[in-house]
Amino acid sequence: MRANPDPHPTSSILAVVVLYNCELSRSHSLSSLLELLKANPELATGFSLVVYDNSPQAQSPVSGADFPTHYVHDPANGGLASAYNFALARAESEEREWLLLLDQDTTLTREFLFELMETSTSLRATPEAAAIVPKLVVEGGIHSPATEFIQQMRRQFQPPKQPIASDAVGIMQQPLCAYNSGSTIRVSALRSIGGFPQEFWLDYLDHAVYHALYVRGFRIYVMRAKLTHEASYSDPDNVPFWRLHNVLMAQTLYVKRSGNFFDRLLYRIWLLRYIKNFRQSSKGRRIWRETVLQAFLLRVPKEPVRGER
């Protein structure tokens, strides 16, 4: 691990990029962030960076950056929760106000970074706004922010409804969930909910965090900016069974913790209604069987199940 001294103690955003079996140079998030901050030094004064690498083999730390950087290698692969909690603690030690979460597959833009700096400054006096999120575009459609999952289940028999307008900007009062990647969350708000829950080590961590923020009275600020994101689940045939199973278990844990008795009944119905989606995959029979079983048993994981991504 290596840290560069911070020449800009008044900067307010710590960005954390989480990698897994990805070279630093091949990470869209890391490459675009470094290029943009190098080209716009006035932005770089507002940032520090943590690269948290869950890969089996360590890599060379980031070099040549004109802002503080820190590389962490975690061969035990603690997932997203461990990486984010490390970054949260570091953001507190550096007295950063905001924590920008990035996976390895989100491409940042100049417009996004400038709007983020402007918005994070303007919201300093608005503690209600705990998160600043862009609109994430996956295969041409806006996938984040989205309607919170419990609300989706409650509306499953109604016509689909867009959670926000495509041109929506500002603080939203309804319960929403945003993808981890691209989210910038207020450090003090995160600490008030106890940080990132380890039981959601990889999947449904974003759901758990945004639900916890909402019930404590915090709200999401939606940006004008749109970012292109490569979703790991866009082709189910390329997602290993252990990951599909982990999503199912994490989803069940989320419903049991965040919903009521009626929500758990709706969840059983939701699983059985949408089970046909799994049959369309070459892995369909196995995950279909697991989903049927889950609809009746509602099992939750006793401990995280690691697997090769």
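**Cavity**

I counted 1 cavity of 30 Å³ or more. On a 1 Å grid over the protein atoms alone, a cavity is a set of points where a 1.4 Å probe fits but cannot get out, and lining residues have an atom within 4 Å of a point. Grid points are joined across faces, edges and corners, and a volume is the space filled by probe spheres set on the points. The model is predicted: local features need pLDDT of at least 70, side-chain atom pairs count only at pLDDT 80 or more, and totals for chains, interfaces and linings use all residues. Residues are numbered from 1 along each chain as its sequence is written, and side-chain values use heavy atoms, with hydrogens and water left out.

The largest cavity has a volume of about 80 Å³. I listed its lining, which includes Ala130, Ala131, Met172, Tyr210, Tyr214 and Arg219. The elements giving two or more residues to this lining are β6 (129-138), α7 (205-215) and β12 (219-229). With 3 residues, α7 gives the most. Helices (H or I, at least four residues) and strands (E, at least two) are DSSP runs, numbered from the N terminus.

**Thr184**

I looked up Thr184 in strand β11 (residues 184-186). Thr184 has a relative accessible area of 0%, so it is buried; buried means under 20%, exposed over 50%, partly exposed in between (1.4 Å probe, protein chains only). Leaving out residues up to four places away in sequence, Thr184 touches Trp98, Leu99, Leu100, Leu116, Ala130, Ala131 and Ile132. Contact means heavy atoms within 4.5 Å.

**Cores**

I then asked which residues have the most contacts inside the largest nonpolar core. They are Val16, Leu99, Tyr210 and Tyr267, in a core of 55 residues. Helix α3 (residues 79-93) gives the most to this core, with 7 residues. A second, separate core of 36 residues includes Leu30, Tyr71, Leu123 and Leu136. A nonpolar core is a set of buried Ala, Val, Leu, Ile, Met, Phe, Trp, Tyr and Cys residues joined through side-chain atoms within 4.5 Å.

**Cysteines**

I searched the whole structure for disulfides and found 0; a disulfide is a pair of cysteine sulfur atoms within 2.5 Å. Cys22 is buried, because its relative accessible area is 10%. Cys177 also counts as buried, at 6%.

**Whole chain**

I noted 11 helices and 12 strands. Of the 309 residues, 52% count as buried.

Technical notes: On a 1 Å grid over the protein atoms alone, a cavity is a set of points where a 1.4 Å probe fits but cannot get out, and a pocket is an open set with protein on both sides within 12 Å along at least five of seven lines; lining residues have an atom within 4 Å of a point.
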